[in-house]
Amino acid sequence: MTKKVRYSIINKLLYRIILEKKQLDRKIINSGFYIGKIHRLSNRLMNHILLERGIQAFNGEQGRILHALWQKNYQSQTELSEQTGLTLNTLTKMIDRMIRMKLVERCSHEKDKRKKMICLTDYAKGLKAEYDAISDEIIEIFYSGFSDLEISEFEIYLERILVNLSQSRKDEA
C-alpha cells in the first residue's frame with residue numbers, strides 16, 4: 001500500500017470519526033430540547049383529554065401534584081417539590097389554588113403538630129380512577145410503535161438522566 005493510499009484511508013477514517021462526533025454532539029444538544037418539547041406536548045395532550053372528557057377538577061400541572069400524592073399521601077411541600085420537580089414558590093401557589101378547589105388540604109404532621117403536610121381530600125381521592133385512565137391513554141400514545149424492550153431501555157436512560165440532574169443540583173447546594 002502506498003503512502004498516498006494510506007494517507008487517504010486515514011483521512012477518511014478521521015473524517016468519519018469527526019462526523020460521528022459532530023452528529024453525537026448535535027444529538028446531545030438536541031436531547032434537552034426534545035425533553036422539554038415532549039414535556040410541553042404531553043401537558044397539552046393531558047389538558048386536551050381532560051377538556052374532551054369534561055373534567056375541570058384539575059389541569060395537567062396539578063395532575064403531577066395529585067399523582068405524587070396518590071403515590072404517597074401526606075407529604076411535606078419539600079417532598080412534593082422533589083417528587084414533581086416544581087420549585088417551592090411555584091408549588092406553594094399551586095397548592096393554595098388546589099386548596100381553594102378542594103383537591104388538597106394542609107394537615108398537621110402526626111408527630112410534630114407544628115409541621116404542615118399536604119394531603120388529598122376525599123374529592124381528590126375519587127378522581128384517581130379517571131386520572132389513571134387518562135394516563136393510560138397518554139402512555140399508549142407516547143409509546144406507540146415502541147417495543148417493550150425499547151420502552152424499558154428508554155425509561156432506564158431517562159432515570160439515569162434524572163439521577164444525573166438531581167445529583168447536579170445537590171452538588172451545587
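**Exercise 1. Determine how many aromatic pairs the structure holds, and classify the pair F146 and F154.**

Solution. Rings of Phe, Tyr and Trp (its six-membered ring) pair if their centres lie within 6.5 Å; planes under 30 degrees apart count as stacked, over 60 as edge-to-face and the rest as tilted. By this rule the structure holds eight aromatic pairs. The ring centres of F146 and F154 are 6.3 Å apart and their planes stand at 50°, so this pair is tilted. F142, Y143, F146 and F154 together form one aromatic cluster.

The model is predicted: local features need pLDDT of at least 70, side-chain atom pairs count only at pLDDT 80 or more, and totals for chains, interfaces and linings use all residues. Residues are numbered from 1 along each chain as its sequence is written, and side-chain values use heavy atoms, with hydrogens and water left out.

**Exercise 2. State whether F146, F154 and Q77 are buried, partly exposed or exposed.**

Solution. Buried means under 20% relative accessible area, exposed over 50%, and partly exposed in between (1.4 Å probe, protein chains only). F146 has 38% and is partly exposed; F154, with 27%, is partly exposed. Q77 has 18% and is buried.

**Exercise 3. Describe the surroundings of Q77.**

Solution. First, contact means heavy atoms within 4.5 Å. Leaving aside neighbours within four places in sequence, Q77 is in contact with L88, L91, T92, I95, R106 and I118. Next, the side chain of Q77 makes a polar contact with the side chain of R106 at 3.2 Å (N or O atoms within 3.5 Å, one able to donate a hydrogen and the other to accept it; residues adjacent in sequence count only if both atoms are side-chain atoms).
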